[in-house]
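Here is a short briefing on one chain. Look over the sequence and the model, then read the points below.

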Amino acid sequence: MKDFKKKSVCTGSTPEECLEILIGLIGDNCTEQELCDVRKAYKIASEAHGGQLRLSGEPYIMHPLSVAVILASLGMDQASIIAAILHDTVEDTAMTHNEVKKEFGETIADLVDGVTKIGKVPLQTKEEQQAENVRKMLIAMSRDIRVIIIKLADRLHNMRTLMFKPEQRRREIARETSEIYAPIAHRLGIRAIKEELEDLSISYLDPVAYHEIEQSLENQSKTRNEFLSDIQDRIKERMESVVSGAHVSGRIKSVHGIYRKMYMQNKNFDQIYDIYAVRIIVDTVIDCYNCLGVIHDMFKPIPGRFKDYISTPKPNMYQSLHTTVLGKEGIPFEVQIRTWEMHHTAEYGIAAHWKYKLGINGTARFEERLAWIRQLLESQSDTENVEDIVSTIKTDLVPEEVFVFTPRGDVFALPSGATVIDFAYAIHSAVGNKMVGAKVDGRIVPLDYNVKTGEIVEIMTSSQQGKGPSRDWLNIVKTSQARSKIRQWFKKERREENIAEGKAQVEREFKRNFIRLSESEFNDFILKVAERQRCKDADEFYAAIGYGGISLMRLMPRIKDDYAKLNKSDAPIINIVPQKKTAKSKEGVIVEGIDNCLIKFSRCCNPLPGDDIIGFITRGHGVSIHTKKCTNVPEDISKAGEPDRWITAYWDTNVREDFKCTLQIFCLNRIGLLADVSSLLANMRIMINDISSRNTKDGRATIMVTVSVNGVEHLNSLVQKIDKIEGVLSIERSGI
């Protein structure tokens, strides 16, 4: 990675010097005409960006030139280099797509367009903006893979110069890089870019841990170099008599790789086995296995640490033999053995197709490496939630993978944490749809069992008519492929059931959010929501919610806003004349017009600071405080019996007291669930006043917990954290 970084950094202090560095990198592989086109692109981009400066103060044109240098270091073609130089012109200058097309042709214009972000589409949230940009990029990738390679180079240079951004923006960009761009670089097999993106991301997201690891590596640098040098010499000497021409080199694990093992697997620095690695590169596959025999003869192999990625390549087509052994000093180190062809693919991934013309053998293998892009787009096409595509990248493209076998010996790669249901759908959608159970290494396991590398999984199916997946599976599966196929089945086979399920969800959410409408108002209201989701009628909208194509939870904030506007325009105006005399009770509530009154919080709605409240004068018991959305508060107070007993009340802004609130948590039953909830509350220093759980026959459980919180914001923060606990389906606030 250090060699790539050194070669791919534009060391010129002026744009002209940087251009000459670029020409020097690509000169041997380009014709005179192609070099002229590169210079022409530079001239056009330089004029278009004229006067623009980066936050660092340097001319903006230095950025596209630096991106082009990174691509040249990867060995990309002239079209990619020109597109990189022009990649910000359409987005940030007056230049148009048609002008690029006129000057350089349709191919380069399309590459520039694929890299250009969506900026003029009205979207509700930052997450939707991000998701739409990623989707556009993936669609462009499916047509021309060079789009994403240019985008990765663009992101890499932005990360290298991220220190000039404000701190909050640095963290946002670093998180997006680690969650989206690094996984894509991993799946494309471009190791050098992937590792540098990860290291740069973690340096901004957790600078303390990053510098601790860096310091640990620095402290051991002398010992490490001596150790690796000695090991390399011994291996070279032994290999000469067995395999001719073997190239032996040393490698240090990336900071991010060490970070993941230390902080994700709770290990200390000394427990990371593969910080040190020796790489052996040979000419043929048979030489790889001969070298493996020699290594295991020279050093003691550590059991369970051998991986054969030659016979079972990773999804990004990475191939190599990995084994971890112990030297005489008792220090474990990893040995990677591969051919030169495998090495080029491991270092440059998809870019090896252009750099070496041998990294990918034929069109079929090239198409196989890009199949995951189409799978991502297909899985996302069945849902209206554009943000699903981002969550899919976070789960399906993670570096950690497991390799699982069928009883016939076929191997399937799945993301770490995948279940037997994910495995069934990876085999075929028909297998997943007919699945009734699974065996792992001959023993029956539950459907939420997480498969592990090397296990033999047998899927048990049923040919019974009408048998199909359960809706609960959508909460169990980890891969977008499985989730998409389950949704497709429900969409096709269970329309009436989907409509009923969707309608029940809508009614439940409306009730939970105190949305009350007459039947005619309800139908008109739902129809407007359905049309906004591009559904032709309410039934289609309900069906989409039922099979999971539309996320009702995502729509609820907009629905509540629409309902509030409807109420504001339709509700009769009630003039409550405020009286000057106000008094604050010790409970932190101000009641207008009454001094030193007794305050009681209604148990039917348990009002909290932050809720809109109203008071009801009770006979002999002071004022009872309700939320305005409480079922016991009339919709039209002026038409209620004894309207004078309803009185204006609001929270004192300085209230700092704790209030009791009861939460009803619906979840999938599992061992340790109640303990996880209790631990979370304890870690948040929230008092538990009462807690109980009840199991149901369908494998679910309900937890009732009464806690002390200081307001609605505190409660919302708690609910968000509980919602992330494994197995939690929904959370409702209830009275006690």
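What percentage of the 736 residues of the chain count as buried? The figure is 49%. Keep in mind that this is a predicted model.

**Whole chain**
- The chain holds 29 helices and 21 strands.
- Its accessible surface comes to about 36,800 Å². Carbon and sulfur atoms account for 49% of that surface.
- Take the contacts between residues at least 6 apart in sequence: 65% of them join residues at least 24 apart.

**Strand β5 and its partners**
- Strand β5 covers residues 321–326 and is mostly covered, with five of its six residues buried.
- Strand β3 (residues 300–301) runs antiparallel to β5, and two bridges join them. Here Pro301 has Val325 in β5 as its bridge partner.
- Strand β4 (residues 307–308) is also joined to β5 by two bridges, again antiparallel. Lys307 is the bridge partner of His322 in β5.
- Strand β6 (residues 332–339) pairs with β5 over six bridges, in the antiparallel sense. One of the pairs is Leu326 with Pro332 in β6.
- β5 and β6 form a hairpin, with five residues between them. In the turn, Gly330 has a positive phi of about 80 degrees.

**The β10-β9-β11 sheet**
- Three strands make an open sheet in the order β10-β9-β11, with antiparallel pairing.
- β10 (443–445) and β11 (457–461) are the edge strands, so named because each pairs on one side only.
- Neighbouring strands of this sheet are turned by 40 degrees against each other on average, direction ignored.
- Strand β9 (residues 435–440) and β10 are joined by three bridges. Lys439 stands opposite Ile444 in β10.
- Helix α21 (residues 420–427) packs on the sheet and touches β9, β10 and β11. The direction of α21 makes about 80 degrees with that of β11.

**Salt bridges**
- The whole structure has 15 salt bridges.
- Arg146 forms one with Asp77, and their closest N and O atoms are 2.6 Å apart. This pair links distant parts of the chain, 69 residues apart. Arg146 sits in helix α10 (residues 146–160), while Asp77 is in the loop between α4 (62–74) and α5 (78–86).
- Arg146 has a relative accessible area of 12%, so it counts as buried; the cut-off is under 20%.
- Glu172 forms a salt bridge with Arg169, with the closest N and O atoms 3.1 Å apart. The two are three residues apart in helix α11 (residues 167–187), so about one helical turn separates them.
- Glu172 is partly exposed at 25% relative accessibility. Arg169 is partly exposed at 38%.
- Lys194 forms a salt bridge with Glu198, with the closest N and O atoms 3.6 Å apart. Both lie in helix α12 (residues 191–205), four residues apart, about one turn of the helix.

**A threonine pair**
- The side chain of Thr706 makes a polar contact with the side chain of Thr662, at 2.9 Å.

Conventions:
Residues are numbered from 1 along each chain as its sequence is written. This is a predicted model: local features need pLDDT of at least 70, side-chain atom pairs count only at pLDDT 80 or more; totals for chains, interfaces and linings use all residues. Side-chain values use heavy atoms; hydrogens and water are left out. Axes are lines fitted to C-alpha atoms, for helices over the stretch in contact, and angles run from 0 to 180 degrees between N-to-C directions. Contact means heavy atoms within 4.5 Å. A polar contact is a pair of N or O atoms within 3.5 Å; within protein, one must be able to donate a hydrogen and the other to accept it, and residues adjacent in sequence count only if both atoms are side-chain atoms. Buried means under 20% relative accessible area, exposed over 50%, partly exposed in between (1.4 Å probe, protein chains only). Accessible areas come from the Shrake-Rupley method with a 1.4 Å probe; for residues, only the protein chains shown count as cover. A salt bridge is a side-chain nitrogen of Lys or Arg within 4 Å of a carboxyl oxygen of Asp or Glu.
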